[in-house]
Amino acid sequence: MSLDTASTAGPATGTDPATGTRTDAGPGAASASGAGTGTGPAGGSGGSGGPDVRRHELAAFLRSRRERISPEQVGLPRGRRRRTPGLRREEVAQLSAVGVTWYTWLEQARPIQVSPQVLDALAGALLLDPTERTHLFSLAGQTDPHPETPCPTVTPALRALLDQMEPVPAAVQNSRYDFLAYNRTFGRLFCDLDARPREDRNSLWLAFTDEDFRAAVTDLPEVLLQLAGKLRAAMAEHLAEPAWKALVDRLQAASPEFRAIWARHDVVDQSGRTKLIRNAEVGLLRMEHTNLWLGPTAGPRLVTYVPLDAATRAAVERLQEIVLAEESARAVPTPV
């Protein structure tokens, strides 16, 4: 299942900029984002400057925030042909699990509805600070359901910390188990994360669907139960959020194992533990898995895998050498 939910999050009327097709859901139709019918604050009627001014201010604000963020800040590859300053619209839509068409309409100041849950997802995708988050909700005429929620930002200092921790594998992960950033050794600990699409860099997706990742987990049945239980426990505070629902739907569509475990409604806490990892390049590793929370709530966290013996430490150092050698080889220009 694609993370593009344009078919369910689109506006009631308008013209799809991607296809040119006119859509008309009839009078009084509301968007699937959960907003109202166009009256009151949610519909944008009234308020300072009128609805048209507010929509255009919101559109300009979203564009300005999108254009200031580099792909690297959110874990996306830059690519060689990028001409758009900052992120592309489809990348923001992917990161916030909304439809590309719907997000495009939002930046075009179309008269569409937007729910607090979608605004919350956009605030996270665009790395808004608390002041910017408040401004976003004000422009949209909505009440922030989590006004004190810090947005998960991978700062340059945090990225530098990940690099300085090498050869100890370390990553930044959000409460939905997406990998937001990681160092070289972590990127090759279970599988080659750089070789996976951005939307697949998620612990549950990899554990339930990726054969290389699964082969590295020595106690796979137990890990699958643990991960599903941890996601179920974490999701209690995010039940209405599109990105969370999209992940569960995608897993259920792809994995009978996940469907069966998810139906049990088991919950598990977030504690770390000792893990045996069968790395494809350096063999068996005995590691201590630890979560270090990056804020006052159980959201973004620093995940570390510390070697528990000399043999594992030496193996992790060899893994780092392998990755550095590959990087050096790629940096050598090809003879013409």
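**Aromatic pairs**

There are 6 aromatic pairs in this model, where rings of Phe, Tyr and Trp (its six-membered ring) pair if their centres lie within 6.5 Å, and planes under 30 degrees apart count as stacked, over 60 as edge-to-face and the rest as tilted. The model is a predicted one, in which local features need pLDDT of at least 70 and side-chain atom pairs count only at pLDDT 80 or more, while totals for chains, interfaces and linings use all residues. Residues are numbered from 1 along each chain as its sequence is written, and side-chain values use heavy atoms, with hydrogens and water left out.

Select Phe 179 and Phe 186 to begin: their ring centres are 5.2 Å apart and their planes meet at 65°, so this pair is edge-to-face. Phe 179 is buried at 5% relative accessibility, and Phe 186 is buried as well, with a relative accessible area of 3%; buried here means under 20% relative accessible area, exposed over 50%, and partly exposed in between (1.4 Å probe, protein chains only).

Now move to Phe 258 and Trp 262, an aromatic pair that is stacked, with 5.2 Å from centre to centre and 20° between the planes. These two residues are separated by about one helical turn, because they stand 4 residues apart in helix α14 (residues 256-262); helices (H or I, at least four residues) and strands (E, at least two) are DSSP runs, numbered from the N terminus. Phe 258 counts as buried at 0% relative accessibility, and Trp 262 is buried with a relative accessible area of 9%.

Gly 229 belongs to helix α12 and counts as buried at 1% relative accessibility. Which residues is Gly 229 in contact with, leaving aside its neighbours within four places in sequence? They are Asp 266, Val 267 and Val 268, contact meaning heavy atoms within 4.5 Å.

Then display the second largest cavity, which holds about 30 Å³ of space and is lined by Phe 179, Phe 186, Phe 190, Cys 191, Leu 193 and Phe 213. A cavity is a set of points, on a 1 Å grid over the protein atoms alone, where a 1.4 Å probe fits but cannot get out, and lining residues have an atom within 4 Å of a point; grid points are joined across faces, edges and corners, and a volume is the space filled by probe spheres set on the points.

**The largest cavity**

Finally, turn to the largest cavity, with about 300 Å³ of space. Of the 26 residues that line this cavity, those closest to its centre are Ser 203, Leu 227, Lys 275, His 289 and Tyr 305. The elements giving two or more residues to the lining are α11 (211-216), α12 (220-235), β5 (274-279), β6 (283-293) and β7 (301-307), and α12 supplies the largest share, 4 residues.

Note on methods: On a 1 Å grid over the protein atoms alone, a cavity is a set of points where a 1.4 Å probe fits but cannot get out, and a pocket is an open set with protein on both sides within 12 Å along at least five of seven lines; lining residues have an atom within 4 Å of a point.
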